[in-house]
Amino acid sequence: MNKSREFNAAEHQHVRYNPLKDEWILVSPHRCLRPWSGHSEPPPQEQPPDPNNPLKAGAVRANGQRNPNYTSTYVFPNDFPALLERGPEPPQSDHPLFQARQARGTCRVMCFHPNSAVSIPLMSVEEILSVVEEWVNQTKELGRRYTWVQIFENKGNVMGCSNPHPHCQIWASSFLPNEGRIKDRCQKEYYTKYNKTLLVEYLEMEMEKKERIVIQNTEWVALVPYWATWPFETMVLPINGGPQRLTDLNDQQKKGLAEIIKLLTTKYDNLFSCSFPYSMGFHGAPTGPDHTAGDSPHWLLHAIYLPPLLRSATVKKFMVGYEMLAQSQRDLTPEQAAEKLRNCNHLVHYKNKQ
Ligand code: H2U
């Protein structure tokens, strides 16, 4: 260990600022000096696909409806939606401690592929491109009516994913949820203060520093954010043109997004030789009748991957005690996580190795 008093981010405890959320995170890299073999443990046993999975092509769902024999992506209304299109308004209170507002919305499930045995990294770029195109269509359609369209994929039991068929969910709401509201405020404040888009400037600096970049192509960069909270958290950012929403993407950006998603998720799976669990999703400028395209120069569209695994396929990071009661904490630095991911094979998936 470097015993000198000079600060070294890879050795010495410090807190880092997340300007997107106005939050701090405690980084404790000295705890990584605990021995870590770095080897991969055997992956958890994967179950064979359930022939009656309700998300499969041709299967009967919980509400008795039969899915068509779809061959690409397929979107259907969630049979157990958390948000409904209509509902009575809650009574208004004039007391600041008892505020309630109306919440309207709709929830959909989007199957990525008819085959239950595949996941995004095992799909072809063309198949992932169909997913990207459907994400854009859904955002376009729902964004006309709703303020926020949240696309998210929960992958793996450990993330509470209830169904192993490759799919994501789309929840569109009449209100700005907390994450979107805080990011909107922080980016707006930054833009007002510096006359620059926070994430455009951040990406420029990251591309110069190159310390936290995991992989890039001509259109996108995947990096571990300086302020990452989850051990192998990444953000995928567009290099060109500053798209604010998924609906701003041109054909090249859509194709590039499909490519980088495949490469990044292949790295993830290869890191611990397992189907890497995560929650991922997109954040872009708010939508709805109040927000017309191009009116949010403080926003840059980005994807976020939040995976819980820490040391192996079976050792996950818990965000519990200190994290729940004080603030997020990590051991591995974002730079170390980026290096590990950079060094992972992204061309051959471990399941396809000879
Ligand atoms: P998760 O795996 O991320 O939980 O998503 C699966 C969703 O699919 C879940 O929200 C829905 C569940 O409500 N679903 C249906 O809408 N119909 C079904 O027949 C099974 C599951």
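**View 1. Lining of the second largest pocket.** By class, 14 nonpolar, 10 polar and 5 charged residues line the second largest pocket; here Ala, Val, Leu, Ile, Met, Phe, Trp, Tyr, Cys and Pro count as nonpolar, Asp, Glu, Lys and Arg as charged, and the others, Gly among them, as polar. The model is predicted, so to speak of local features pLDDT of at least 70 is needed, side-chain atom pairs count only at pLDDT 80 or more, and totals for chains, interfaces and linings use all residues. Residues are numbered from 1 along each chain as its sequence is written, and side-chain values use heavy atoms, with hydrogens and water left out. The pocket holds about 660 Å³ of space. A pocket here is an open set of points on a 1 Å grid over the protein atoms alone, with protein on both sides within 12 Å along at least five of seven lines; a cavity is a set where a 1.4 Å probe fits but cannot get out, and lining residues have an atom within 4 Å of a point. Points are joined across faces, edges and corners, and a volume is the space filled by probe spheres set on them. Of the 29 lining residues, Lys 21, Glu 179, His 283, Ile 304 and Leu 306 lie nearest the centre. Strand 5, helix 2 (178-194), strand 9, strand 10 and strand 11 each give two or more residues to this lining, and strand 5 gives the most, with 5. Helices (H or I, at least four residues) and strands (E, at least two) are DSSP runs, numbered from the N terminus.

**View 2. The largest pocket.** This one comes to about 930 Å³. Its lining has 38 residues, with Glu 46, Gly 156, Asn 157, Pro 164 and Ser 275 closest to the centre. Strand 5 is again the top contributor, with 3 residues.

**View 3. The largest cavity.** The count is 1 cavity of 30 Å³ or more, and the largest cavity holds about 130 Å³. Its 14 lining residues include Thr 139, Val 149, His 283, Gly 284 and Ala 285, which lie nearest the centre. Strand 5 (148-155) and strand 10 (278-283) are the elements giving two or more residues. The lining splits into 8 nonpolar, 5 polar and 1 charged.

View 4. The chain is divided into domain 1 (74-88 + 98-173) and domain 2 (178-352), with bounds from an automatic or database domain assignment. Their C-alpha centres lie 19 Å apart. In all, 31 residues of domain 1 contact 36 of domain 2, contact meaning heavy atoms within 4.5 Å. The largest cavity draws at least three lining residues from each domain.

View 5. The 9 strands of an open sheet run in the order 3-4-6-5-10-11-9-8-7, with antiparallel pairing; two strands pair if DSSP finds at least two bridges between them. Strand 3 (74-77) and strand 7 (213-216) sit at the edges with a single partner strand each, so one side of each has no neighbour in the sheet. Strand 3 pairs with strand 4 (residues 105-111) over 4 bridges, and Pro 77 has Arg 108 as its bridge partner there. Helix 3 (residues 198-209) lies across strands 7, 8, 9 and 11, at about 75° to strand 8. Axes are lines fitted to C-alpha atoms, for helices over the stretch in contact, and angles run from 0 to 180 degrees between N-to-C directions.
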